[in-house]
Amino acid sequence: MNILAQYGADERRHFDIASENGLTLARVVSQHRSLYELVTETGIVPAEVSGRYRHEAAHPADYPAVGDFVLVPPSNTEGGQTLIQRLLPRKSVFLRRAAGSDAYTQVVAANIDVACLCMSLNENYNVSRLERYLAVAWESGARPVVVLTKADLCADPASAFAEVSAIAAGADVLLTSALDSTALALLDILKQGVTGAFLGSSGVGKSTLINLLAGETRMEASTISGDGRGRHTTTHRQLLLLPNG
């Protein structure tokens, strides 16, 4: 299978657009300020936006973000840096807005199919916060799935599950613990070609979940502090390909 198809590209839509423009399809897998890493038909390549792209971008949200599909010149044989020429339309988008103005609206992630909203059943448990997460997920265009983590630290996980299910109408709710295989139920949702995003407060177990799904350590995880707060181990956004595609 084409590696881009594994990374969620739809041949009927994305590949046809690329061929019509004489360019090559790519997807943004990570971003570091103005530099990007793209996955192309030939593998991972570094990239930045072209001068013309930069000149025509009217708003920060016009720039590519992790998850975006873009068009680049046909790959060169030397594997050097490429230039992003065009951003393809997004089917979903997560935005971060600056208070009081839309001038600094930032695209956090794009083309997400499933938003895994993670909340742990210890001191982090907060239904009001979860309601805000649900609103953001629905607004983005992604399908929300509530992932309740650290069920082993909760005296009555069944009651928490019932309370969350009552406010999360239309969204699946999963009760998980890193001590057993319950989190692997996410693999029934994150199927081949599906792009999922893990969102939630620091310390709720996002990195641990991803490592469980990947079957290996892909993200650094650490213990939480004494007051139940996380230590902000993961500070970047990146697309990771799971073994099931």
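This report walks through a predicted model of one protein chain, from its overall make-up to a few of its details.

## The model and its confidence

Local features are described where pLDDT is at least 70 and side-chain atom pairs where it is 80 or more, while totals for chains, interfaces and linings use all residues. Residue numbers run from 1 along each chain as its sequence is written, and side-chain values use heavy atoms, with hydrogens and water left out.

The pLDDT score is the predictor's confidence in each residue, from 0 to 100. Here the chain averages 87, and 89% of the residues score at least 70. Confidence is lowest in helix 2, with a mean of 73, and highest in strand 10 (residues 143–149), at 97.

## Overall make-up

The chain has six helices and twelve strands. These are DSSP runs numbered from the N terminus: helices are H or I with at least four residues, and strands are E with at least two. Of the 245 residues, 42% count as buried, which here means under 20% relative accessible area, with exposed being over 50% and partly exposed in between (1.4 Å probe, protein chains only).

A contact means heavy atoms within 4.5 Å. Among contacts between residues at least 6 apart in sequence, 63% join residues at least 24 apart.

Strand 1 and strand 4 run antiparallel and are joined by four bridges. Arg27, for instance, has Phe69 in strand 4 as its bridge partner.

## Two nonpolar cores

A nonpolar core is a set of buried Ala, Val, Leu, Ile, Met, Phe, Trp, Tyr and Cys residues joined through side-chain atoms within 4.5 Å. The largest one has 25 residues, and Leu25, Leu38, Val70 and Ile84 have the most contacts inside it. At least two residues of this core come from each of helix 2 (11–20), strand 1 (24–32), strand 2 (35–40), strand 3 (43–49) and strand 4 (69–72). Apart from it lies another core, of 21 residues, including Phe94, Met119, Leu130 and Ala197.

Leaving aside residues up to four places away in sequence, Leu25 touches several others, among them Leu4, Phe15, Val39, Val70 and Leu88.

## Helix 6 and its surroundings

Seven of the nine residues of helix 6 (residues 206–214) are buried, so this helix is largely enclosed by the rest of the structure. Leu209, Ile210 and Leu213 are among the buried ones, and the buried residues of the helix pack against strand 9 (114–120), strand 10 and strand 12 (196–199).

Thr208 is also in helix 6, but counts as partly exposed at 31% relative accessibility. The C-alpha atoms of Thr208 and Ser177 are separated by 10.0 Å, with the two residues 31 apart along the chain. After the helix comes Gly215, with a positive phi near 75°.

## One aromatic pair

Rings of Phe, Tyr and Trp (its six-membered ring) pair if their centres lie within 6.5 Å; planes under 30 degrees apart count as stacked, over 60 as edge-to-face and the rest as tilted. By this rule there is one aromatic pair. The rings of Tyr53 and Tyr63 have centres 6.0 Å apart and planes at 45°, so the pair is tilted.

Tyr53 belongs to helix 3 (residues 51–56), and Tyr63 to the loop between helix 3 and strand 4. Tyr53 counts as buried at 9% relative accessibility, whereas Tyr63 counts as partly exposed at 23%.

Key
Two strands pair if DSSP finds at least two bridges between them.
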